[in-house]
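Q: Could we go through this protein together, one topic at a time? I would like to start with the overall picture and then turn to details.

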Amino acid sequence: MAKQNERPTLATVAARAGVSIKTASRVLNGEKHVARVTAQKVAEAAAELGFRLNPTAKRLRAGGRSPYVGVVLSDAEDAFQARAFAALEAELAAVDLRPVVTVIGDDPDREEAFVDESLANDLSGLIIVRAHPESPRTYAGAAANSAIRIVSLDPAVTGDGISVVAGDELNAGRLAAQQLLDHGHRALGVIGDHSTSVITTRRLDGIQSAFAGRSDIGWRAYMREDAHDEASAKNVVAAWLGSRSAPSALITLSATLTQGAIDACRRLGEWPALVGIDDFPTAELLDVTVVDRDVETMAAEAVGRLHAEPGDGDDRLGGGRGDGLDDGSGDRLGAGGRAHPAERQDVFPVELIARGSGEERPERR
């Protein structure tokens, strides 16, 4: 008999039923050709002891994949990452997979250790929402030296065997800048963070593309790339708005920075036009215009890539468009020349959601 608070095992079930462990296993795994009386004894013993089969162990013994998927975040409080994780968790649950999450912060060593543990524990795959800037090589090594599936929502994490499901960051920057230009703004403050990251660089390139050929646009004097959290963004905007030559409009390159900018505007009672990149929970209540991606579609695509069986065609997957990272079709060729869905690298559309803050004209301030 199992001791109090001791988890029952297959052996204790077999002993209670008076059968061999092999017979108990056959009954509990639903195998046929076991006498009805014997099966009933085993079932009753399992119920009395509160024994349940370990579904993960059963699946792995049968040659299946682990139900666990590693998910990497850099900042759990970042609005995009929080939204992406919630959507990923729902999509994983729909295909009987469960996330094992790490938040790496500013620690690439912690991220590397998590990847090593994921490989050692034979997880079904990894989904990278955001990686540390130094970590792409870690995932390239994992893809090259193991069979683990890797899907990245971070455009910095790329390479053979890594599927990329990223937003169109270049167009996000362009749409934000064009919205303000269309409403008559010529002095624009741009607030960025981690300027060496692929995401920030692409968003800045998109902003600059909207200004191409325009000598009347002032923005470089207001460009700040050292704001990395709400507090620093708040300080930058407060300094601008307190000066004699404040910009008439702001572009913030992440939801975190948008929230810091709004805090500064509220404190000073000054409200320049503002377009933020990435939506956040209170943006609609505050009438904040944003450029955003369809996070739910991207999450569904990421899990679809991870869960797809070898040889599955592209018709079962959602569709971003080719990013120029491959042959132009959005696919890489797998073994035998067939495109494997886990190796696609696509860019997904972004859209501007106009709510009021990006539609104010300069003369109305």
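Predicted model: local features only at pLDDT ≥ 70, side-chain atom pairs only at ≥ 80, totals over all residues.

Q: How many helices and strands does the protein chain have?
A: Its secondary structure comes to twelve helices and twelve strands.

Q: And how much of the protein chain counts as buried?
A: Of its 365 residues, 47% count as buried.

Q: Among contacts between residues at least 6 apart in sequence, what share joins residues at least 24 apart?
A: In the protein chain, 71% of those contacts join residues at least 24 apart.

Q: Let us turn to helices. How does one describe two packed helices?
A: One gives the angle between their axes and the distance between the axes.

Q: At what angle do α8 and α9 pack, then?
A: Helix α8, residues 169-182, packs against helix α9, residues 198-210, at an angle of about 40 degrees, and their axes are 6 Å apart. Because of that angle, α8 is oblique to α9. The crossing in which α8 passes α9 is right-handed.

Q: Which residues meet there?
A: From α8, the residues are Glu169, Leu170, Gly173, Arg174, Ala177, Gln178 and Leu181. They meet Ile199, Arg202, Arg203, Asp205, Gly206, Ile207, Ser209 and Ala210 in α9. Sorted by class, the contact of α8 with α9 has six nonpolar, four polar and five charged residues.

Q: What about α1 and α2: at what angle do they pack?
A: Helix α1 (residues 10-17) and helix α2 (residues 21-28) pack at about 100 degrees, and their axes lie 8 Å apart. An angle from 65 to 115 degrees counts as roughly perpendicular, so α1 is roughly perpendicular to α2.

Q: Which residues make that contact, and of what class are they?
A: Leu10, Ala11, Val13 and Ala14 in α1 meet Ile21, Ala24, Ser25 and Leu28 in α2. The contact of α1 with α2 divides into seven nonpolar residues, one polar and no charged.

Q: New topic: how many aromatic pairs does the structure hold?
A: The structure holds two aromatic pairs. One is formed by Phe211 and Trp219, with 5.4 Å from centre to centre and 50 degrees between the planes, and this pair is tilted.

Q: Are Phe211 and Trp219 buried or exposed?
A: Phe211 has 5% relative accessibility and therefore counts as buried. Trp219, at 9% relative accessibility, counts as buried.

Q: What of the rings of Tyr222 and Trp240?
A: Their centres are 6.0 Å apart and their planes stand at 85 degrees, so the pair of Tyr222 and Trp240 is edge-to-face. The pair links distant parts of the chain, 18 residues apart: Tyr222 is in the loop between α9 and α10 (230-241), while Trp240 is in helix α10. Both Tyr222 and Trp240 are buried.

Q: Staying with α10, where does Ala231 lie, and is it buried or partly exposed?
A: Ala231 lies in helix α10. At 46% relative accessibility, Ala231 counts as partly exposed. The C-alpha atoms of Ala231 and Leu257 are 8.5 Å apart in space, and these residues are 26 apart in sequence.

Q: And where is Ala255?
A: Ala255 is placed in helix α11, residues 255-268. Its relative accessibility is 1%, so Ala255 counts as buried. Between the C-alpha atoms of Ala255 and Asp229 there are 9.7 Å, with 26 residues separating the two along the chain.

Q: Which residues does Ala255 contact, leaving aside neighbours within four places in sequence?
A: Ala255 is in contact with Ala79, Ile277, Asp278, Asp279 and Phe280.

Q: Asp278 is on that list. What is its phi?
A: Asp278 has a positive phi of about 90 degrees, although it is not a glycine. Asp278 lies in the loop between β8 (273-277) and β9 (289-293). At 4% relative accessibility, Asp278 counts as buried.

How values were computed. Residues numbered from 1 in each chain as written. Heavy atoms only, no water. Axes fitted to C-alpha atoms, helices over the stretch in contact; angles between N-to-C directions. Helix = DSSP H or I, 4+ residues; strand = E, 2+ residues; numbered from the N terminus. Parallel < 35°, antiparallel > 145°, perpendicular 65-115°, else oblique. Left-handed = near helix turned anticlockwise from the far one by under 90°. Contact = heavy atoms within 4.5 Å. Nonpolar A, V, L, I, M, F, W, Y, C, P; charged D, E, K, R; others polar. Buried < 20%, exposed > 50% of the residue type's maximum accessible area, 1.4 Å probe, protein only. Phe/Tyr/Trp six-rings, centres within 6.5 Å; stacked < 30°, edge-to-face > 60°.
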